[in-house]
Amino acid sequence: FNDINIIQNDVMIKMPLAKGEGIIDQGFFLRKAPTILADCLIRYISKYTKKNIDQALFNLNPYEISKRIKVIFENLETIKTTFPNQNIDLINPPQIIGHLNATINTGFSVQAEITITPSYISDVPSFISNVIEINETINNKKENREVFYRGHGKFSYELLPTLLREDPKGKGKVYLEGEHLLFRELLTIEPLSFSNDISGFDILTRMQHYGMPTRMLDISSNPLTALYFACENLNHDEDGEVVLISVKKSDICFYDSDKISCLTNLAKLTANQKDQLSQYIINCLKVDPTKTVLDESDLNEKIYEQYLHCIMNEKAYFKPRIEIRDLKQIFCVKGRLNQERIIAQSGSFLIYGLDAQELPENGNNNFTIHRIRIKKDDKETILEELDLLKINQRTVYPSIENSARYIKNRLENFKI
């Protein structure tokens with residue numbers, strides 16, 4: 001504590017001078033701390049120390065110190081003024097929280113990008129602790145949000161459905177080009193599997209769970225299920241990640257929403273038809289930038305009529321009124337619990353609209369993103385702990401085949 005001098009709102013830190021050979025006494029000089037560090041130190045000292053000059057300033061283990069500093073940082077006014085209008089998360093990025101431009105007395109201009117490394121967990125208890133902490137932070141903002149979870153075997157994976165991803169061999173978005181073929185071919189070949197599915201959303205949900213590329217991204221209400229997905233493939237030579245996605249409850253859709261019907265029925269359009277629909281919207285906005293809805297006045301446009309026909313095949317009562325903004329959005333949607341895997345995985349979905357892009361690393365106005373990372377070497381241990389909690393291949397992917405495989409693997413590893 002004796003190495004810190006506080007003069008009004010400035011913090012001076014006692015810094016040792018270089019010590020020459022044969023010199024017994026160590027020299028020091030005072031250096032002014034940067035504004036954010038100064039603010040943090042003032043709050044830390046006033047909150048956690050007794051201002052005894054002989055007291056060690058940081059006399060706890062690093063984990064406890066980091067917890068204290070995190071609480072302080074979350075309420076720092078200097079953070080808010082230095083990075084205005086930023087949704088800054090100091091718990092579980094990675095994320096860029098701002099840009100600094102500074103000019104030093106040499107005349108050089110310096111731009112810095114500030115990034116924060118995500119927290120790592122090594123076992124199920126530390127994961128649960130992180131999840132609780134993040135949820136408390138979200139709830140403290142009183143925005144009435146619900147949190148969903150997605151597990152990635154590789155932290156480099158994008159928040160993007162398979163349908164919208166670029167082919168790794170450089171062939172472009174091959175699945176998106178053939179979306180209507182994927183949809184119709186599987187229905188043609190396996191009609192009995194979809195006999196109880198009425199809506200386009202129900203059909204896409206079943207296709208998704210059988211590995212067909214769709215414009216939907218699986219998420220779960222159960223964090224332990226997401227942790228299992230992040231660890232299940234031990235062949236991934238990369239750290240895993242659980243992504244926490246929070247959504248305002250008022251923005252969550254259900255399986256029978258008209259908005260969702262509009263997006264799921266895009267799957268019935270050819271690539272050319274989707275391009276025509278996109279171009280028609282662009283042309284409309286050029287003529288009238290205030291236009292927000294496609295309605296009866298657009299029925300003379302053939303592509304709009306064809307698109308409405310697809311929607312009205314499942315909803316005969318549907319009125320020809322579509323919000324242009326909704327067509328290009330990403331929505332969180334809760335499906336019906338009418339499929340065994342959805343029940344087992346506490347499944348919900350993000351559904352991506354026309355020309356929708358990857359959900360940004362740091363979220364957007366509709367979704368906030370937090371991340372928890374898992375070292376690749378810890379995955380096997382975490383899977384064993386999850387198995388004790390009955391989160392395993394048999395329970396996550398319920399089928400007689402997976403139950404048999406699970407029992408066989410346990411016997412091979414002398415666990416039966």
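Which residues of H14 are buried? They are Lys 379, Ile 382, Leu 383, Leu 386 and Asp 387, where buried means under 20% relative accessible area, exposed over 50% and partly exposed in between (1.4 Å probe, protein chains only). The model is predicted, so local features need pLDDT of at least 70 and side-chain atom pairs count only at pLDDT 80 or more, while totals for chains, interfaces and linings use all residues. Residues are numbered from 1 along each chain as its sequence is written, and side-chain values use heavy atoms, with hydrogens and water left out. Helices (H or I, at least four residues) and strands (E, at least two) are DSSP runs, numbered from the N terminus.

**Helix H14**

- After H14 comes Lys 390, which has a positive phi near 65°.

**H8 against H14**

- Two packed helices are described by the angle between their axes and the distance between the axes.
- Helix H8 (residues 223-231) packs with helix H14 (residues 379-388) at about 145°, and the axes are 9 Å apart. Axes are lines fitted to C-alpha atoms, for helices over the stretch in contact, and angles run from 0 to 180 degrees between N-to-C directions.
- On the H8 side the contact is made by Leu 224, Leu 227, Tyr 228, Ala 230 and Cys 231, and on the H14 side by Lys 379, Ile 382, Leu 383 and Leu 386.

**Aromatic pairs**

- The structure holds three aromatic pairs. Rings of Phe, Tyr and Trp (its six-membered ring) pair if their centres lie within 6.5 Å; planes under 30 degrees apart count as stacked, over 60 as edge-to-face and the rest as tilted.
- One of the pairs, Phe 201 with Phe 349, is edge-to-face, at 5.9 Å centre to centre and 85° between the planes.
- Phe 201 lies in helix H7 (residues 200-209) and Phe 349 in strand E14 (residues 347-352), 148 residues apart.
- Phe 201 counts as buried at 1% relative accessibility, and Phe 349 counts as buried at 0%.
- Phe 229 and Tyr 397 form a tilted pair, 6.0 Å centre to centre with 55° between the planes.
- Phe 229 is in helix H8 and Tyr 397 in the loop between helix H15 (393-396) and H16, so this pair ties together parts 168 residues apart in sequence.

Definitions and conventions
Contact means heavy atoms within 4.5 Å.
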